[in-house]
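Please look through the fold below with an eye to its ligand, its rings and its core. A short report follows the display.

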Amino acid sequence: MSAPGLFISLEGGEGAGKSTVIAALHGALAARGRDVVVTREPGGTPEGEAIRCLLLDPGQHLHPETELLLMFAARAQLVRDVIQPALARGAAVVADRFTDASFAYQGGGRGLDMGRIAELERWAAGIKPDLTFLLDVGVAQGLARARGRGGEPDRIEREREDFFERVRAAYLTRAAAEPARFRVIDASLPADAVVAAVQSALAAWLDAGA
Ligand code: TMP
């Protein structure tokens with residue numbers, strides 16, 4: 001009998017250090033003998049990556065409603081093509097962002113109605129992570145990190161600091177409302193300390209019988 005699938009998501013604002021943590025989660029789960037599937041959003045399927053290009057292109061002028069629906073269009077495709085099949089065969093899915101990002105960015109950042117997003121969550125996504133790590137870092141520190149990586153900022157990275165303050169507040173509100181699912185990690189710390197905190201929280205969760 002195969003182990004049941006695990007669905008773990010990773011969330012955070014700009015410059016929170018998700019890439020390093022994704023690699024660490026992959027390593028920790030693989031070391032426990034899990035088949036690991038990593039996804040990213042928006043994207044993760046050929047169709048979703050095409051939607052991602054549209055969403056992040058600074059030349060596009062998207063209304064908040066268009067942006068929200070495109071995020072869920074990419075997610076609907078990813079859930080059906082990748083996440084559900086992986087969970088069904090017992091894999092551990094590590095999602096670099098999932099629906100909490102839409103509540104934080106489109107709900108908190110853009111001010112769209114959270115109830116509408118919850119409807120889309122039920123209808124278009126239909127699943128929720130078992131465990132969610134929120135990498136929390138102050139907006140100024142996160143943006144400095146993200147901008148320090150160089151390259152042209154994408155359409156969303158060009159938003160003003162107050163947008164990202166609302167994103168951060170919405171994430172923290174969601175984490176406070178669902179403490180059993182969320183682990184809030186202080187991502188202002190150096191990368192190795194962040195990775196260590198995530199690994200120990202993951203180990204505690206798995207050992208508690210996930
Ligand atoms: P990334 O930086 O993690 O690759 O994500 C791309 C951008 O998309 C990032 O600025 C967050 C944003 N985003 C949303 O606004 N809503 C969503 O639902 C998702 C998944 C991402």
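The notes below go from the ligand site to the rings, the core and some backbone details.

## Basis

This is a predicted model. Every value here is computed from its atoms.

## Ligand site

The ligand is surrounded by 14 residues. The closest are Lys 18, Arg 52, Arg 97, Ser 102 and Gln 106. In Ser 102, a side-chain N or O atom lies 2.6 Å from a ligand oxygen. For Lys 18, the corresponding distance to a ligand oxygen is 2.7 Å. For Arg 75, a side-chain N or O atom is 3.0 Å from an oxygen of the ligand. On its own, the ligand has 480 Å² of accessible area, and the protein covers 92% of that.

## Arg 75 and Glu 41

Arg 75 has several partners. Besides the ligand oxygen at 3.0 Å, its side chain makes a polar contact with the side chain of Glu 41, at 2.7 Å. The charged end of Arg 75 also sits over the ring of Phe 98, 5.5 Å from the ring centre.

Glu 41 belongs to the loop between strand S2 (36-40) and helix H2 (46-56). Is Glu 41 buried or exposed? Its relative accessible area is 5%, so Glu 41 is buried, given that buried means under 20%. A cis peptide bond joins Glu 41 to Pro 42, with omega at about -10 degrees. Pro 42 lies in the loop between S2 and H2.

## Arg 97

Arg 97 is one of the residues closest to the ligand. It lies in the loop between S3 and H4. At 12% relative accessibility, Arg 97 counts as buried.

## Aromatic cluster

How many aromatic pairs does a search of the whole structure find? The count is 4. One of them joins Tyr 105 and Phe 163, with 6.2 Å between centres and 55 degrees between planes. That pair is tilted. Tyr 105 sits in helix H4 (residues 99-109) and Phe 163 in helix H7 (residues 161-177), so the pair ties together parts that are 58 residues apart in sequence.

Phe 163 also pairs with Phe 164. Here the geometry is edge-to-face, at 5.2 Å centre to centre and 90 degrees between the planes. Tyr 105, Phe 163, Phe 164 and Tyr 171 form one aromatic cluster. What is the burial of its members? Tyr 105 is buried at 5% relative accessibility. Phe 163 is buried at 2%. Phe 164 is buried too, with a relative accessible area of 5%.

Another ring has a charged neighbour. The charged end of Arg 174 sits over the ring of Phe 103, 3.7 Å from its centre.

## Nonpolar core

In soluble globular proteins, nonpolar side chains tend to be buried together. The largest nonpolar core in this model has 26 residues. Within this core, Val 21, Leu 29, Phe 133, Leu 135 and Leu 202 have the most contacts.

Which elements give two or more residues to this core? They are strands S1 (6-12), S3 (92-96) and S4 (131-136), together with helices H1 (18-31) and H8 (191-207). H8 gives the largest share, 7 residues.

## Pairs apart in sequence

Gln 60 is found in the loop between H2 and H3. It is partly exposed, with a relative accessible area of 29%. Gln 60 and Arg 155 are 95 residues apart in sequence. In space, their C-alpha atoms are 7.8 Å apart.

Pro 64 is part of helix H3 (residues 64-88). At 27% relative accessibility, Pro 64 counts as partly exposed. Pro 64 and Thr 173 are 109 residues apart along the chain, and 21 Å separates their C-alpha atoms.

Methods:
Residues are numbered from 1 along each chain as its sequence is written. This is a predicted model: local features need pLDDT of at least 70, side-chain atom pairs count only at pLDDT 80 or more; totals for chains, interfaces and linings use all residues. Side-chain values use heavy atoms; hydrogens and water are left out. Rings of Phe, Tyr and Trp (its six-membered ring) pair if their centres lie within 6.5 Å; planes under 30 degrees apart count as stacked, over 60 as edge-to-face and the rest as tilted. Helices (H or I, at least four residues) and strands (E, at least two) are DSSP runs, numbered from the N terminus. Buried means under 20% relative accessible area, exposed over 50%, partly exposed in between (1.4 Å probe, protein chains only). A charge sits over a ring if NZ of Lys or CZ of Arg is within 6 Å of the ring centre and within 35 degrees of the ring normal. A residue is near a molecule or strand if one of its heavy atoms lies within 4 Å of it. A polar contact is a pair of N or O atoms within 3.5 Å; within protein, one must be able to donate a hydrogen and the other to accept it, and residues adjacent in sequence count only if both atoms are side-chain atoms. Accessible areas come from the Shrake-Rupley method with a 1.4 Å probe; for residues, only the protein chains shown count as cover. A nonpolar core is a set of buried Ala, Val, Leu, Ile, Met, Phe, Trp, Tyr and Cys residues joined through side-chain atoms within 4.5 Å.
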